[in-house]
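Here is a friendly walk through one protein model, with its pockets and its annotated sites in view. Please keep the structure open as you read.

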Amino acid sequence: MDKKKILVIGSLNMDWVLKVEDIPVIGETVLGGDIQESPGGKGANQAFAAGRLNGDVTMLGAVGCDENGRTLLENLKLAGVHTEFIKKSRKKTGLAIITVNADGDNCITVSPGANLSCDVSYIKENLQVIEECSILLVQMEIPHDAVYYAMEQAHRMGKTVIFNPAPAPVQIREEAYAWIDYITPNETELQKLTKIRDTEQEEIERGCAILLEKGIKNVVVTLGSKGALLMNKTVRRNFAAKKVQVVDTTAAGDTFNAAMAVFLADGKNISQAVEFANAAAALTVQKKGAQNAVPHWKDLEENHKMVI
């Protein structure tokens, strides 16, 4: 069976990663180690991971006409990502400053730069790329109008839409719920989207139910060390996290989304896709950085002995 084509529309950033003992609170100064540069951006991370996991993936997004932009494009090509439609903007390539503490947890500040050029007019110029894909994967680090327009067009064309609401908006446009086949928030994003009281299991399930009631077909919540939760109209299933030594969680969510898309593109069901995504994310958190931490397909075969 031929692989279905995956299209990722999203951000491309150069990441500056700073390791600290503790992430500073407001008004506090802490000392860290040397800054490490690493290709990143949620969109680029997801496209890169899908490529490394043997997906047939194309990316739409924007970079600047600078060294960082060239580095990001070359890195995507190394993973087998089709980059010919990525826009070259007059703005500087996006920059993300990532602070990682001793437990591997992080906080991220992004200067969008060229990502703001990934707008509705650019998506309109590339509607044929959406037409040629089977699965669309989007996030929220580019202009939101462009995200919604891409999802609407993909839904109209009968494509499968995976929406990773990160960073989480205050709310999702009411008409957009019907366009989403799979939404993949983490606990914090789910809480923001649904106004649930906390992130205990009962409240997480209530948040999922709210999204399903609004018309989304499947909700997959990533729960960090607690694994993941899948809910739709007929299934409610928890997936335990793999027990690993966490070094850096920076690209774990992006790898999870990409791995899920790859398995769905290969014709697997959503439960199989979430199991595979869990395993891929577990390998990612054991290494520093974003794209350089993403596993290859063979890594999943060797480390998890999965039937894939």
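Predicted model: local features only at pLDDT ≥ 70, side-chain atom pairs only at ≥ 80, totals over all residues.

Residues are numbered from 1 along each chain as its sequence is written, and side-chain values use heavy atoms, with hydrogens and water left out.

**The pockets**

A pocket is an open set of points on a 1 Å grid over the protein atoms alone, where a 1.4 Å probe fits, with protein on both sides within 12 Å along at least five of seven lines; lining residues have an atom within 4 Å of a point. A volume is the space filled by probe spheres set on the points, which are joined across faces, edges and corners.

The largest pocket holds about 1200 Å³ of space. It is lined by 43 residues, and Asn186, Gly224, Thr249, Ala252 and Gly253 are the closest to its centre. Helices (H or I, at least four residues) and strands (E, at least two) are DSSP runs numbered from the N terminus. Among the elements that each supply at least two lining residues are strand E2 (13–19), strand E7 (94–100) and helix H6 (187–194). Helix H8 gives the most to this lining, with 5 residues.

The second largest pocket has about 170 Å³ of space. Of its 13 lining residues, Val17, Lys19, Asp34, Gln36 and Lys288 are the closest to the centre. E2 and E3 are the elements that give two or more residues to this lining.

**A first annotated group**

An unreviewed UniProt entry places a "binding site" feature at residues including Asn13, Gly41, Lys42, Asn45, Glu141 and Asp254. UniProt positions are in the numbering used here, feature names are shortened, and annotations may be inferred rather than shown by experiment. Of the annotated residues, Asn13, Asp15, Gly41, Lys42, Asn45, Glu141 and Asp254 are included in the lining of the largest pocket.

Gly41 sits in the loop between strand E3 (36–40) and helix H1 (42–52). Gly41 is buried, at 4% relative accessible area; buried means under 20%, with a 1.4 Å probe and protein chains only. Contact means heavy atoms within 4.5 Å. Beyond its neighbours within four places in sequence, Gly41 is in contact with Ser11, Leu12, Asn13, Asp15 and Glu141.

Asp254 belongs to helix H8 (residues 252–265) and is likewise buried, with a relative accessible area of 4%. Its side chain makes a polar contact of 2.9 Å with that of Asn45. A polar contact is a pair of N or O atoms within 3.5 Å; within protein, one must be able to donate a hydrogen and the other to accept it, and residues adjacent in sequence count only if both atoms are side-chain atoms.

**A second annotated group**

UniProt also lists Asp248, Thr250, Thr284, Lys287 and Gly289 under "binding site" in an unreviewed entry. They span 42 residues in sequence, yet no two of their C-alpha atoms are more than 9.5 Å apart, so they gather at one spot. Thr250 is included in the lining of the largest pocket.

Asp248 is buried, at 2% relative accessibility. Thr284, in helix H9, is buried with a relative accessible area of 1%. Asp248 and Thr284 are in contact.

Notes: Buried < 20%, exposed > 50% of the residue type's maximum accessible area, 1.4 Å probe, protein only.
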